[in-house]
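Grab a pencil and work through these exercises with the model open beside you. Try each task before you peek at the solution.

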Amino acid sequence: MSSIHMILHPTDFSPPSEHAFHLACALARDQHARLVALHVLEQPVIAYSGVAMAPPIPPPADQMTALRAQLDQLQAPFPGLEVEHRLLEGAPVTAILQVADELKCDLIVMGTHGRTGLGRMLMGSVAEQVLRNAKGPVLTVKAPLSRE
């Protein structure tokens, strides 16, 4: 088995992403790997006369500040494991794949909501598109079932 030196954890701050983050931390600790947590602020798309265009306006500074603070709260639960944080704007799938290539990631660890049917068709699946297009391995994590 080849060793893992770089792990990318894309997050949307959802419960599945939180579980994926903890797994990514454990893997980074065990493999002595670098861990990068990434959040991509999706730019809204505006349809105009049948043509979809991204608005050229940047998001409000307070929104970016709040997202940066939320991202910076992702800290490894293990002593000695540092987490690098990156906040980008754009299309999530494209940004995740670009960062993975740029960092030469050995593994992407991300949460998945597990939508099916109409919800998946309408919302799409970032995790699915990353799985289909990533050059390396992708580990997807769903929130564990409640055992109440």
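**Exercise 1: A pocket and its lining**

Task: Find which residues line the second largest pocket, then sort them by type.

Solution. Start with the list: His9, Thr11, Phe13, Ser14, Pro15, Ser17, Glu18, Phe21, His22, Gln70, Leu74 and Gln75 line this pocket of the predicted model. Next, sort them: four are nonpolar, seven are polar and one is charged. Now look at where they come from: helix H1 (residues 15-31) gives the largest share, five residues. Last, the space inside comes to about 150 Å³.

**Exercise 2: The layout**

Task: Work out how many helices and strands the protein has, and in what order the elements run.

Solution. Count first: there are five helices and seven strands. Then read from the N terminus on, and you get β-α-β-β-β-α-β-α-β-α-α-β.

**Exercise 3: Rings**

Task: Say how many aromatic pairs there are, and what sits over the ring of Phe78.

Solution. Check ring against ring, taking centres within 6.5 Å as a pair: the count is zero aromatic pairs. Then turn to Phe78: the charged end of Arg29 sits over its ring, 4.0 Å from the centre.

How values were computed. Residues are numbered from 1 along each chain as its sequence is written. This is a predicted model: local features need pLDDT of at least 70, side-chain atom pairs count only at pLDDT 80 or more; totals for chains, interfaces and linings use all residues. Side-chain values use heavy atoms; hydrogens and water are left out. Rings of Phe, Tyr and Trp (its six-membered ring) pair if their centres lie within 6.5 Å; planes under 30 degrees apart count as stacked, over 60 as edge-to-face and the rest as tilted. A charge sits over a ring if NZ of Lys or CZ of Arg is within 6 Å of the ring centre and within 35 degrees of the ring normal. On a 1 Å grid over the protein atoms alone, a cavity is a set of points where a 1.4 Å probe fits but cannot get out, and a pocket is an open set with protein on both sides within 12 Å along at least five of seven lines; lining residues have an atom within 4 Å of a point. Grid points are joined across faces, edges and corners, and a volume is the space filled by probe spheres set on the points. Helices (H or I, at least four residues) and strands (E, at least two) are DSSP runs, numbered from the N terminus. Ala, Val, Leu, Ile, Met, Phe, Trp, Tyr, Cys and Pro count as nonpolar, Asp, Glu, Lys and Arg as charged, and the others, Gly among them, as polar.
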